[in-house]
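Trainee: Could we go through this model together? I would like to begin with the overall fold and then turn to details.

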Amino acid sequence: MIDQWGRTIDYLRISVTDRCNLRCKYCMPDKDISFMQKKELLTKDEICRIAKLASDIGIKKVRITGGEPLIRKDTTDIIKDIKSLKNIKEVCLTTNGIFLNSYLDKLIDSGIDAINVSLDTLKEDKYRDITGGGDIMPVLNSINKCIEKGIKVKLNAVIIKDFNDKEILDFIKFAEEKNIEFRFIEMMPLGAGKKFETITVDEIKKLIEENRKLIPYKSSPKNNGPAVYYKTEEGKGTIGFISPISHTFCGNCNRIRLTADGFLKQCLHFKKGEDLKKLMRQGITDEELTNVIKECCYSKPEQHAFQSENQDSEKRFMYQIGG
Ligand code: SAM
Ligand code: SF4
């Protein structure tokens, strides 16, 4: 699918639930959290129907996210069904990693291609603090198990001023020790994230380069998402930088997002999109639904405008979108 700005749209992020076992302070409100009722969530069949139609018109990669996707009991079945679609080349998962260990065999069986684990600190007490009570140990164990079993695993940390910016060199060491990819992400001013100050990717790089040499590794936004990658001189592990705010990568945006209640979002920042659940439950045909998806992709906005909030800005929090 090509949108009105000439971009190829081939990546669909699917949130399967807004519920989560953690309460990350930048993702969820600190009080009055409301979750979708079960009947509001898309069923497995509804999710797979959308994925099938989207794959017929050009979606090649799907990421399963949430809330915490491993909270939902049929997530691995959803992955398996989507992975079996003939045009789908890659199905990935984003998780906080707490339950990951116990789902690894099922995930391997489902054909999962890669797993992103969110890890904003390596310190037990800070992890408990930022996640609203989470235990880091099962996350670290899950990461080790993924590596042991040969699953492609990437770690993501949102960098927050005065919270984890002093740990950046430790994250790099961790990536080197485990020989895996660690990505630093700027905080987006969305939902609870507005209350936190990020540090820019340029500042993070400067901080690293005062101590370590970074060697450009690969940088292919078109095919490999918005990260820019580096190696350290040791050559082990990979460091990625994602700068949605300081260097927007909207010009290469290739994605659309489906919320757990069936809303197809055109852009993370804007609330516009299509309520596919409503249309499906009213009996829309596959042909009509395909056209709705196509039109929604075609009319994606040119770029986000996080810096200038207006009536079109997204009011949902990140746990309700999927990141
Ligand atoms: N629960 C899973 C997890 O934490 O990986 C998947 C859903 S979570 C919403 C997906 C990603 O969004 C996480 O890596 C989280 O750190 C990130 N995220 C949440 N709020 C954010 C914000 N305001 N800016 C940038 N990333 C954010
Ligand atoms: Fe849950 Fe992920 Fe949001 Fe943390 S970032 S509260 S783990 S959905």
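Trainee: In what order do the 12 strands of the open sheet run?

Mentor: The order is E7-E8-E9-E6-E5-E4-E3-E2-E1-E10-E11-E12, with mixed pairing. Strands are DSSP runs of at least two residues, numbered from the N terminus, and two of them pair if DSSP finds at least two bridges between them. This is a predicted model, in which local features need pLDDT of at least 70, side-chain atom pairs count only at pLDDT 80 or more, and totals for chains, interfaces and linings use all residues. Residues are numbered from 1 along each chain as its sequence is written, chains are lettered from A and ligands numbered from 1 in the order in which they are written, and side-chain values use heavy atoms, leaving out hydrogens and water.

Trainee: Which strands stand at the edges?

Mentor: Strand E7 (214-216) and strand E12 (273-275) do; each has a single partner strand, so one side of each is left without a neighbour in the sheet.

Trainee: And in which sense do E5 and E6 pair?

Mentor: Strand E5 (residues 152-159) and strand E6 (residues 181-186) pair in the parallel sense, over six bridges. Leucine 155 stands opposite phenylalanine 182 in E6.

Trainee: Turning to rings, how many aromatic pairs are found in the whole structure?

Mentor: The search finds eight. Rings of Phe, Tyr and Trp (its six-membered ring) pair if their centres lie within 6.5 Å; planes under 30 degrees apart are stacked, over 60 edge-to-face, and the rest tilted. One of the pairs, tyrosine 230 with phenylalanine 241, is edge-to-face, at 5.5 Å centre to centre and 80° between the planes.

Trainee: Why does that pair tie together separate parts of the sequence?

Mentor: Tyrosine 230 lies in strand E8 (residues 228-232) and phenylalanine 241 in strand E9 (residues 238-242), so the pair joins parts that are 11 residues apart in sequence. Ring pairs also link Phe171, Phe182, Phe184, Tyr230 and Phe241 into a cluster.

Trainee: Is tyrosine 230 buried or exposed?

Mentor: Tyrosine 230 is buried, with a relative accessible area of 12%; phenylalanine 241 is buried too, at 2%. Buried means under 20% relative accessible area, exposed over 50%, and partly exposed in between (1.4 Å probe, protein chains only).

Trainee: One last topic: which residues surround ligand 2?

Mentor: Cys20, Leu22, Cys24, Cys27, Gly67 and Asn96 surround ligand 2, where a residue is near if one of its heavy atoms lies within 4 Å.

Note on methods:
Helix = DSSP H or I, 4+ residues; strand = E, 2+ residues; numbered from the N terminus.
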